[in-house]
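Please read these notes with the structure open beside you. They go through it point by point.

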Amino acid sequence: MKRIGVFTSGGDAPGMNACLRAVVRTATYQGMEVYGIRRGYSGMISGDVFRMQPSSVSNIVHTGGTLLKSARSEEFLTPEGRRKAYGELRKHGIEGLVALGGNGTFQGARIFGEEFGIPIVGAPCTIDNDLFGTDHTIGFDTAVNTALDAVDRIRDTADSHERVFFVEVMGRDSGFIAVSCAIGGGAEAVITPEEPIPMSYLLDSLNARWQRAKSSSIVIVAEGGIEGGAHGAATRVRDALPHLDTRVTILGHVQRGGAPSAFDRRLASELGFGCVQGLLAGRGGAMLGLLASRQTFTSFGEAVSRRKGLDPYRVKMVGKLSV
Ligand code: F6P
């Protein structure tokens, strides 16, 4: 393989740039030509492709966002869109691809690889950590650190005013950020899509704690954990326990930006390196992840169809640590 393409797709994640850098540098070291594709599958369809040199990725190992931009493409979901994308790759002589993204990216990569026989390997980049086949996704650690920093600040003001704060973190379908923040931030409770807690349990535990003269409480709510998110949870608690002074903070996209943590930079660099080695070794149709500290390939099909469950032991731990 002499010429490969690389692209970033779906929600950006801190560490994508470090991974891109590793892909470009490793491929160049191995004597390959690398082409960057802008805006994910949209750029593939429109032929927004450019030659990358090692210098194209100078000084980005520590930056958030993605140099290649990202997008979600409706057109790529159609056979016609994918045919156009393949035509553009052929035009540029691209023989293999490295895809940096999450669930949607790998669903697209699986179909595209099967339809046209082009080898594609993927590096798991999403703050949600919701991909089967890797213990950590690139960006997750940074997002948790960012959210925790905010939770620490909220705790100061919550304590001063003796309030209950509902802090909403990202995760439409997954509660990994929420659980990590709840354990690391000493929250009283966590609400996730995967392991919903009964409202009666939340009310009882908040009430019991306040009767024991707690001076503040933090409840971490994953975006998709309950209807209405943190506002929904706060409204229900306010209705049942009107003596509690409640507030809501939604952290939002602040969690997706910023410099990647040391862990994410290293993970991103190592997986970017491994993806190129994988292509050279004849791999395709698979994501490279980190399982029990070992780099492991998992087919795209498995990575997107199997669910990485939240550990219920950890979820229960949150309540126990805040007695
Ligand atoms: O990247 C994952 C994620 O941040 C989810 O946690 C969140 O629900 C979603 O992306 C938001 O996507 P968008 O930025 O397109 O609104």
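The notes below concern a predicted model.

1. Domains. The chain is assigned two parts: domain 1 (3-139 + 260-305) and domain 2 (142-256). Domain 1 is written as two stretches of the chain, 3-139 and 260-305. Taken over C-alpha atoms, the centres of domain 1 and domain 2 are separated by 34 Å. Eleven residues from domain 1 and ten residues from domain 2 take part in the contact.

2. The main core. How many residues does the largest nonpolar core have? There are 59, and the residues with the most contacts inside this core are Ile4, Val6, Leu20, Val98, Ile177 and Ile220. Helix H5 (residues 140-161) gives the most to this core, namely nine residues. Because domain 1 (3-139 + 260-305) and domain 2 (142-256) both give residues to the core, it lies between them.

3. Isoleucine 177 is among the residues with the most contacts inside the largest core. Leaving aside residues up to four places away in sequence, isoleucine 177 touches Ile127, Asp128, Phe140, Ala143, Val144, Val169, Met170 and Gln255.

4. Strand E4. Is strand E4 (residues 96-101) buried or exposed? Six of its six residues are buried, so the strand is largely enclosed by the rest of the structure. Gly96, Val98 and Leu100 point one way from E4, while Leu97, Ala99 and Gly101 point the other way. The residues pointing each way are all buried.

5. The partners of E4. Strand E1 (residues 3-8) runs parallel to E4 and is joined to it by five bridges. Isoleucine 4 has glycine 96 in E4 as its bridge partner. Strand E5 (residues 120-124) also runs parallel to E4, again with five bridges. Here leucine 100 stands opposite alanine 123 in E5. As background, the strands of a sheet pair through backbone hydrogen bonds, either parallel or antiparallel.

6. The four-stranded sheet. An open sheet is formed by four strands in the order E7-E8-E6-E9, with parallel pairing. Which strands are at the edges? They are strand E7 (189-191) and strand E9 (246-250), each of which pairs on one side only. On average, neighbouring strands of this sheet are turned by 20° against each other, direction ignored.

7. Details of that sheet. E7 pairs with strand E8 (residues 217-222) in the parallel sense over three bridges. Within this pairing, isoleucine 191 stands opposite valine 221 in E8. Helix H6 (residues 176-185) packs on the sheet and touches strand E6 (164-169), E7 and E8. The direction of H6 makes about 165° with that of E8.

8. Serine 216. This residue sits in the loop between helix H7 (199-211) and E8. Serine 216 has a relative accessible area of 5%, so it counts as buried. Apart from residues up to four places away in sequence, serine 216 touches Arg155, Ala158, Asp159, Arg163, Glu188 and Trp210.

9. Glutamate 188. The loop between H6 and E7 holds glutamate 188. Why does glutamate 188 count as buried? The reason is its relative accessible area of 3%, since buried means under 20%. Residues touched by glutamate 188, not counting those up to four places away in sequence, include Arg155, Leu206, Arg209, Lys214, Ser216, Val318, Gly319 and Ser322.

10. Cysteines. The count of disulfides comes to zero. For a disulfide, the two sulfur atoms must be within 2.5 Å. The cysteine sulfur closest to that of cysteine 125 is in cysteine 19, and at 4.9 Å it is too far for a bond. For cysteine 181 the closest cysteine sulfur is in cysteine 125, 20 Å away, which is also too far for a bond. Cysteine 125 counts as buried because its relative accessibility is 1%. Cysteine 181 counts as buried because its relative accessibility is 0%.

Terms used: Residues are numbered from 1 along each chain as its sequence is written. This is a predicted model: local features need pLDDT of at least 70, side-chain atom pairs count only at pLDDT 80 or more; totals for chains, interfaces and linings use all residues. Side-chain values use heavy atoms; hydrogens and water are left out. Two strands pair if DSSP finds at least two bridges between them. Helices (H or I, at least four residues) and strands (E, at least two) are DSSP runs, numbered from the N terminus. Axes are lines fitted to C-alpha atoms, for helices over the stretch in contact, and angles run from 0 to 180 degrees between N-to-C directions. Contact means heavy atoms within 4.5 Å. A nonpolar core is a set of buried Ala, Val, Leu, Ile, Met, Phe, Trp, Tyr and Cys residues joined through side-chain atoms within 4.5 Å. Buried means under 20% relative accessible area, exposed over 50%, partly exposed in between (1.4 Å probe, protein chains only). Domain bounds come from an automatic or database domain assignment.
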